[in-house]
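Have a look at the model below before reading on. The notes after it are meant to be read with the structure open beside you.

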Amino acid sequence: MKALIALTILAVLALFVGLLKSRKLLLPLVLLGLAGVLALVMQYGCQCEGTFFHQYLDESTYRNMFSFDKFAAVFAGMMLVATLLISMLATDGFIYNESHRPELFALMLFSLCGGIVMVGSTHLVMLFLGIEILSIPAYVLAGSNQRDSQSNEAALKYFLMGAFTTGILLFGIALMYGGSGSMSLDGLMTYSRHSEVSGMFKAGMLMVLIAMCFKIGIAPFHFWGPDVYEGTPSIITSYMATVVKTAAIAATFRFFAQIIGHDAAWMISLVWMAALTMFIGNLTATVQSGFKRMLAYSSIAHAGYVLIAFFTPSLQATQSVVFYLAAYTVATIACFAVLIGVQQQRKNDLFESFNGLAKTNPLAAFTLTLALLSLAGIPPLAGFFAKYYLFSNGWAGYPWLILVAIINSAISIYYYFRTIIAMWFHEPTDEPLSFSMLQKVVLLLTLAGLFTLGLMPGLLLDFLG
Amino acid sequence: MIEILFYVLSFVSIVTGLMVVFAKSPIHSVLSLIVTFFAIAGQYILLNAQFLAIVHIIVYAGAIMVLFLFVLMLLNLNKEAEPNKDIAMKLAGVISASLLMVTLTGALHGSVVPEATLAVNTSNGLVKNLGQVLFKDFVVPFEISSLLFLAAMAGAVLLGKKHPSQITDSEIQKI
Amino acid sequence: MDWFFILEKAILIIILFSLTLFIAMYETYMERKVAAFLQDRVGPDRAGPFGILQPLADGGKMFFKEDFIPNSSEKWLFILGPGIAMFTALMTSAVIPWGTELHLFGRTISLQVADVNIGVLYIMGFVSIGVYGIMIGGWSSNNKYSLMGAIRASSQMISYELAMGLSLIAIVMMSGSLSLKDIAAQQSGSLMGIEGFHWNVFLQPLGFLIFLTCAFAETNRAPFDLPECESELIGGYHTEYTSMKLGFFLFAEYVNMFISSTLIATIYFGGYNFPGLHYLPGNWQALAGTAVLFLKILFFIFFYMWVRWTLPRFRYDQLMHLGWKVLIPLAVLNMLLTGAWMTWF
């Protein structure tokens, strides 16, 4: 809760800095503020005991509304790190709307607050509010490049789809409440385990799940994803692909694992959805000609992998979700850091634009290569260990799904390598790209992250218990 | 008496709800929707939730729908402006809506509604009790929602403000 | 079912209804007389002594004129518009406490149609719905001047509703109730040693000014009568209307004026309370209270007219500027001050 308040104040301060018209103050303020909040969250996360989820019904959970337990702290920390890295890219990323930079930062921070509310929510009302606080600034951010018709289109699509999803979510919540007489997580948990579950509750749960799948982008509810990701300004896409996705997955995981995680009847449809998501994401990604759209489909596929952890609820499953999302976030931000540079200086994101990057910009090419290899799951990078951990835990549940996931990982190598080949084996067609100091710092940090998570997974896992 | 009112209000809200969907002119849709809101507010009053009823009317009928009408009137949308949807789209819509209906009817048919939901405390909807619930049990969501409004407001201002670079070169030359 | 109760309410409603219409009718006469007085003219003096029958003659004229519906209009909505305007104007009087209780035939009769515990919100609700009559009427006329008048009217009403609601919140905070009956009853206390003088206007002067300004805007009266600004819009939203439909729109305006004067009197000027009310015996208390309330109302109706024939009309951007950038911040400030005052004193 303290972190949330601090973050809100930071966002409001960013708005006021906009009033002062002092360009120089803004970025240090945001970075320092985010670092401070991160420290607060980490310090809190270290104090928490081993179990991920609070036992409820105590005063520290704000009348069963919001519980900043270890689960929430870990995911909040992850989102904060992601936002911190993205903010460092913002010098170049927000160039399309130079005059409204403070507002863009403030909206991003507001959205982040929504993400924290989501991961800590233990009540359907809080979940709903979190989703809205996360989404509404994201709709605006998606359309913040008003001169670009693609950005406007993306914002409208995102907004309309999001609004419908919200309607479905609310309908589902109402039905769940009608069925169980409770909206808090522990009430719903007790109801779903100990009594005859009514059809109304099931229908409600179905709708809530559909809405959450929409937000995460699980097939067959993924259609909005690629268009929105492509049209949105790249820096905002990187935010959507990492923070928004992480928050949605974490919140779904908390509710899913605790309310219906024990019920096999729910699993089977989700298992099929997971398999479908992987295939659609990976197969469609192979036929893309643009790097950004390829990343959009690959992010859909990755959401499919994460679903595997949902079917074997346990401490290890929670750890594997955290680890997977951490690896995915770091790699994705690295990809976008390079993409932003390429897009701005080459005016497109075709694979040809990456030609010969290894000769002209070795650091960017090296980082992007490692990030893509990590996404594909090549050892010894973070992605490999994340996948290994996820799959080995999931084997107990649905072995055939793991096989599907492995086949899909193999497919993914194909399209990730297209960029790598373009960078290393094609001759440069254009003059070298120039990356700013902060961009280089981000590249180095993500590089370090990929290696640390890959070579010393124990660091994060020990922290997770 | 209350039961009769309930059925009348339900009938009105369903019929006007259908009119929202089937009306050819967008203005008629909006007006039907307003009537639907009134019928729903009536349901709230039957549940003794007067505060909710009147706030529903003030917010939805009094503010949001007026803005809807505003936009429709200013854009001059009418029957001719309605885009023609092709038959495949309509069919898909009908099928998915029917599927949803089958699912819901199946789920709700004979489902047991627990005591907790049925035991409606008739004084719950009064302002005083509502305030107690809102500012005690639900104080965290209440406060958090201010964040939502702040964010939405900042977003609306950002989208609404004229982009400085939207001023074209010719306009600059004029200056 | 208590049939006497229903009968009693029915009689009260009928009295109120006819009284409202009667007052609205004579407001037109009053307006012309006040205008004449302020401009040093005579005013209507042909129909009856002092022109007292003038409103009847006007009404007759309205009825007998040709009722004309434009070809290109949306017929149903065209008829619905003035109906809604009139309906919402008349509905508001239901929650106003017209006096204390009468004791007749061993029964206690409350001089209020319905003491709903959300009276203030009820009024805000009907004020906000009042926009529809104008909007529907203006749009369905299919005339650009009507449409512009309607849009001006509705944006003006929506904008000023906010400040109005915010100024009312301060009152609700002080009285701790949303019921107009409670708000009126609480003003019977003593202020500076004078019984029955605990009027909200002394406690909420800023709130009163905001409410008064908003009330002018909500009723589309000068200096905020832009929706019917004849120099720009011919006749505004009722350009295409004739006969009694036009009459309804004009009438609704006068009813609204009456109701908003009543509200100002009830909320800020003590309602039926006046110093010395409690010395009166039994039923006289109720009757005298009602009479005093009507005197207050008459004063505010006069005030409306006084302002109309004194101040020039605002420009539209000035109107919006005043509403959004002056009144709303002031109303918020007023709310904060009230909260601070209540917390620390």
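What follows goes from the whole complex to its interfaces, and then to some local details.

**The complex as a whole**

Keep in mind that this is a predicted model. The predictor gives the complex an ipTM of 0.86, along with a pTM of 0.87. For chain C, the average pLDDT is 83, and 97% of its residues score at least 70.

How do the chains meet? Two pairs of chains are in contact, and chains A and B share the most contacts of the two. Chain A and chain C do not touch, and 18 Å separates their nearest C-alpha atoms.

**Chain B and its two partners**

Of its 175 residues, 22% are buried. Among the contacts in chain B with a separation of 6 or more, 55% are between residues 24 or more positions apart.

Start with the side facing chain A. Here 29 residues of chain B are in contact with 36 residues of chain A. On the chain B side, the elements that give two or more residues are helix 4 (87-108), helix 5 (115-118) and helix 7 (139-160). Which of the helices of chain B gives the largest share of this side? That is helix 7 of chain B, with 12 residues. Sorted by class, the side of chain B that touches chain A has 19 nonpolar, nine polar and one charged residues.

Now the other partner. Chain C puts 17 residues in contact with 16 residues of chain B. Helix 4 (119-140) and helix 5 (144-175) of chain C each supply at least two residues of the side that touches chain B. Helix 4 of chain C provides the largest share of that side, at nine residues.

**A helix pair in chain A**

Next, pick out helix 15 (residues 362-376) and helix 17 (residues 399-425) of chain A. Their axes come within 9 Å and cross at roughly 170°. With that angle, helix 15 of chain A is roughly antiparallel to helix 17 of chain A. From helix 15 of chain A, the residues that meet helix 17 of chain A are A365(A), L368(A), T369(A), L372(A), L375(A) and A376(A). Their partners in helix 17 of chain A are S409(A), S412(A), I413(A), Y416(A), T419(A), I420(A) and M423(A).

**Helix 8 of chain A and what comes after**

Is helix 8 of chain A mostly covered or mostly open? Mostly covered: 15 of its 18 residues are buried. The length works out too, because 18 residues (199-216) at 1.5 Å a residue should span 26 Å, and the end C-alpha atoms of helix 8 of chain A are 25 Å apart, which agrees. Just after helix 8 of chain A comes G217(A), with a positive phi of about 95°.

The loop between helix 8 and helix 9 (224-231) of chain A also holds P220(A), and the peptide bond from A219(A) to P220(A) is cis. Another cis bond runs from P379(A) to P380(A). P380(A) sits in the loop between helix 15 and helix 16 (382-394) of chain A.

**Backbone angles worth a look**

| Site | Angle |
|---|---|
| A219(A) to P220(A), cis | omega near 0° |
| P379(A) to P380(A), cis | omega near 5° |
| F50(C), not glycine | phi near 55° |
| S243(C), not glycine | phi near 55° |

Where do the chain C residues lie? F50(C) is in the loop between helix 1 (3-38) and helix 2 (54-64) of chain C, while S243(C) is in helix 10 (residues 243-267) of chain C. F50(C) has 13 other C-beta atoms within 10 Å, so F50(C) is partly exposed. S243(C) also counts as partly exposed, with 16 C-beta neighbours inside 10 Å.

Note on methods:
Residues are numbered from 1 along each chain as its sequence is written. Chains are lettered from A and ligands numbered from 1 in the order in which they are written. This is a predicted model: local features need pLDDT of at least 70, side-chain atom pairs count only at pLDDT 80 or more; totals for chains, interfaces and linings use all residues. Two residues are in contact if their C-beta atoms, placed from the backbone, lie within 7 Å. Helices (H or I, at least four residues) and strands (E, at least two) are DSSP runs, numbered from the N terminus. A residue is buried if 20 or more other C-beta atoms lie within 10 Å of its own, exposed if 12 or fewer, and partly exposed in between; C-beta atoms are placed from the backbone. Axes are lines fitted to C-alpha atoms, for helices over the stretch in contact, and angles run from 0 to 180 degrees between N-to-C directions. Angles under 35 degrees count as roughly parallel, over 145 as roughly antiparallel, 65 to 115 as roughly perpendicular and the rest as oblique. Ala, Val, Leu, Ile, Met, Phe, Trp, Tyr, Cys and Pro count as nonpolar, Asp, Glu, Lys and Arg as charged, and the others, Gly among them, as polar. pLDDT is the predictor's confidence in each residue, from 0 to 100. The expected span of a helix is 1.5 Å times one less than its number of residues.
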